[in-house]
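I opened this entry to look at nonpolar packing and at one helix in detail. My notes follow the order in which I looked things up.

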Amino acid sequence: MGLPETTTTSSPSFLKPLITIDASVSLFLHTLFKPILPIFLLLLLEYSADFRFSFPVSLSLFLASPSFSSLSIPFILGHFLDLALIGLIKLTFRRTRPHYNPNMSPAVHADNFSFPSGHASRVMFLATLFHLIYQNHGGLISDFILRWVKFEPGLFLFGVWVWAILTAISRVLLGRHFLSDVLAGAFVGVLEGIVAFRFLRF
């Protein structure tokens, strides 16, 4: 297993050792789990967090229940916030994806770049926002979950967090991203969830 190359263009010299370690750890995790985890599971997590899937789901929540429509607005607006912010950061840092990244078809130009992970930011945004809404509007959320999902609300919230964390981790295991991409994306996503909850509710 050769030492992976550093991948951030024009990175400051003091960051290069960290970038090299990041790339080495990411390659180690990818190589370790690739023979163990079924690829279809990792791809399923990838597709479930794709904007082209998660945004229509958020929009359908807005249309499905009049009582829930006001709470679904931050989900809808937060998707656009995430798309714009992650795209801007990616175009600023322009870090190339891992050289062992499987074939993928970028939806937009920014998807060619790796830092930060848009999937990690999106799932953590959704989980954080859902958690905050559940904490502050528990009765309404519980009624909605029991009506449409037929699941115990607290267990459903736990499932959302498990899905978000597994999806974020899968970005490294699938070879799409470096570990630092995922950590940065997750951090941005949590912040987006807080901002959406505080400022994007109408």
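This is a predicted model: local features need pLDDT of at least 70, side-chain atom pairs count only at pLDDT 80 or more; totals for chains, interfaces and linings use all residues.

**Cores.** I looked up the largest nonpolar core and found 21 residues. Phe 75, Leu 129, Phe 130, Ile 133 and Ile 141 touch the most other members. I then asked which helices supply at least two residues each. They are helix 4 (66-93), helix 5 (118-136), helix 6 (138-148), helix 7 (153-173) and helix 8 (179-199). Helix 5 gives the largest share, 9 residues. I also noted a second, separate core of 5 residues, including Ile 86, Ile 89, Phe 115 and Val 188.

**Helix 7.** I checked its length. With 21 residues at 1.5 Å a residue, helix 7 should span 30 Å, and its end C-alpha atoms are 30 Å apart, so the two agree. Next I looked at its N-terminal end. Glu 152 caps it, with a side-chain oxygen 3.0 Å from the backbone nitrogen of Gly 154. Just after the helix, I found Gly 175 with a positive phi of about 90°. I listed the buried residues of helix 7, among them Leu 157, Val 160, Ala 164, Ala 168 and Arg 171.

**Surface.** Which residues make the nonpolar surface patch of about 540 Å²? I noted Val 149, Phe 151, Leu 155, Phe 158, Val 162 and Leu 166. Leu 166 sits in helix 7. Is Leu 166 buried or partly exposed? Its relative accessibility is 45%, so I count Leu 166 as partly exposed; the range for that class lies between 20% and 50%.

Notes. Residues are numbered from 1 along each chain as its sequence is written. Side-chain values use heavy atoms; hydrogens and water are left out. A nonpolar core is a set of buried Ala, Val, Leu, Ile, Met, Phe, Trp, Tyr and Cys residues joined through side-chain atoms within 4.5 Å. Buried means under 20% relative accessible area, exposed over 50%, partly exposed in between (1.4 Å probe, protein chains only). Helices (H or I, at least four residues) and strands (E, at least two) are DSSP runs, numbered from the N terminus. The expected span of a helix is 1.5 Å times one less than its number of residues. A polar contact is a pair of N or O atoms within 3.5 Å; within protein, one must be able to donate a hydrogen and the other to accept it, and residues adjacent in sequence count only if both atoms are side-chain atoms. Patches are made of residues with over 30% relative accessible area and no salt bridge: like charges are joined within 9 Å, nonpolar side chains (Val, Leu, Ile, Met, Phe, Trp, Tyr) within 5 Å. Accessible areas come from the Shrake-Rupley method with a 1.4 Å probe; for residues, only the protein chains shown count as cover. A salt bridge is a side-chain nitrogen of Lys or Arg within 4 Å of a carboxyl oxygen of Asp or Glu.
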